[in-house]
Amino acid sequence: MNFTNVSIENFRGIRKCNISDLGLVNVFFGKNNCGKSTLLEALFLMSGPSNPTLPIIVNNIRQLVSSSEDDILTDFYGLNAENEIKIKGEGNNKREVCVSMIKSQSNQVDLSQLTQNNTEQSGKKFGLKIAYRIGDSEKIHHSELIVDPNDENKANAKTEKGYEEGMYAEYIPSGNIMLHTNEKLAQIIIEKREAEIVEALKLIEPKIKDIQLIDKKIMVDVGLSSRLPVNVLGDGVRKILSILLAIHSAKGGMLMIDEIDNGLHYSVMQNLWKVILHACKKNDTQIFVSTHSADLVSALVEVFNQEDMAETSVSAYKLVKKEDDELVALRYDKEKLTYVINQEMEVR
């Protein structure tokens, strides 16, 4: 269910962006505040339009926990609700998503686009409505979120009956290295696949012999008289475990990781890419990661040149924000990225 091309309009600070020739593994790099995180958030919204709470979730990721009308408005380019958010993906999987705002006491709400039995509320409350089309079907589906202006912690989410989302996607924000790992590991143990996790972790910590979930704690065998909690190991092991479990959980779907290099020493970055490329290929998980680390990009080039990695589809993009807020994605294939690194040219 991979995407090869994506377009984004009017989301946060991105007026428009077109990305082509996406691979199974996709890396985005560029200056701070160029739009890397926003791009990943847009992909996350595209992955689950039947869930109208996703725009609120991406705000919460940025520590914007309020759901006031002004806070919801920050999702729209120029803080202008007239700028509908449009995200389109093409490839083996196709989908078009349009997010618009229902403004309180507004005469601009298109009632024909609302789901049934919501028109009486639309002028009194505020929220979001999402229209989306999946695959080659001409049918347009709808979902919406209506926030109670008297209590911004309460909202009424309505989804279209009969529609079932066929894609699983996950977003790992910057700095969050242990996200629902217990539940994911439990499922892998049930499927008797924990040996795959151990083999991957050995690239980072060769002493690891086994991993188990015991009394809600992730425990690892490193050759001592008893297992140790994974928490006492380094951040590198824990972060790579989190990434690995997320790739397995998103099998056949999408995974977005913001600032993947956070907390990692440059010496483990080649092994990190080996883990990611092998796991993504095995699980058919399309992954999108952002970084501002030249070391991480250099490590990717080194892994590129290893024979057993040659068949994995990888694309790298330098993101450049133009003055008119168009986000330009300059694609680097394996040969071009290798040349840039070898010439010690700037990639950040």
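**Exercise 1. Find which residues asparagine 283 touches, leaving out those up to four places away in sequence.**

Solution. Asparagine 283 touches Arg193, Ile247, His248, Lys251 and Gly252, where contact means heavy atoms within 4.5 Å. A word on the model: it is predicted, local features need pLDDT of at least 70, side-chain atom pairs count only at pLDDT 80 or more, and totals for chains, interfaces and linings use all residues. Residues are numbered from 1 along each chain as its sequence is written, and side-chain values use heavy atoms, with hydrogens and water left out.

Next, look at Arg193: its side chain makes a polar contact with the side chain of asparagine 283 at 2.9 Å. Such a contact is a pair of N or O atoms within 3.5 Å; within protein, one must be able to donate a hydrogen and the other to accept it, and residues adjacent in sequence count only if both atoms are side-chain atoms.

**Exercise 2. Work out how helix 7 and helix 8 pack.**

Solution. Start with asparagine 283, which lies in helix 8 (residues 269-283); helices are DSSP runs of H or I, at least four residues, numbered from the N terminus. Helix 7 (residues 235-249) packs with helix 8 at an angle of about 15 degrees, their axes 9 Å apart. Axes are lines fitted to C-alpha atoms over the stretch in contact, and angles run from 0 to 180 degrees between N-to-C directions. The two helices, helix 7 and helix 8, are therefore roughly parallel, a label for angles under 35 degrees. Finally, see who makes the contact: Ile247 and His248 are among the residues of helix 7, and Asn283 is among those of helix 8.

Terms used:
Parallel < 35°, antiparallel > 145°, perpendicular 65-115°, else oblique.
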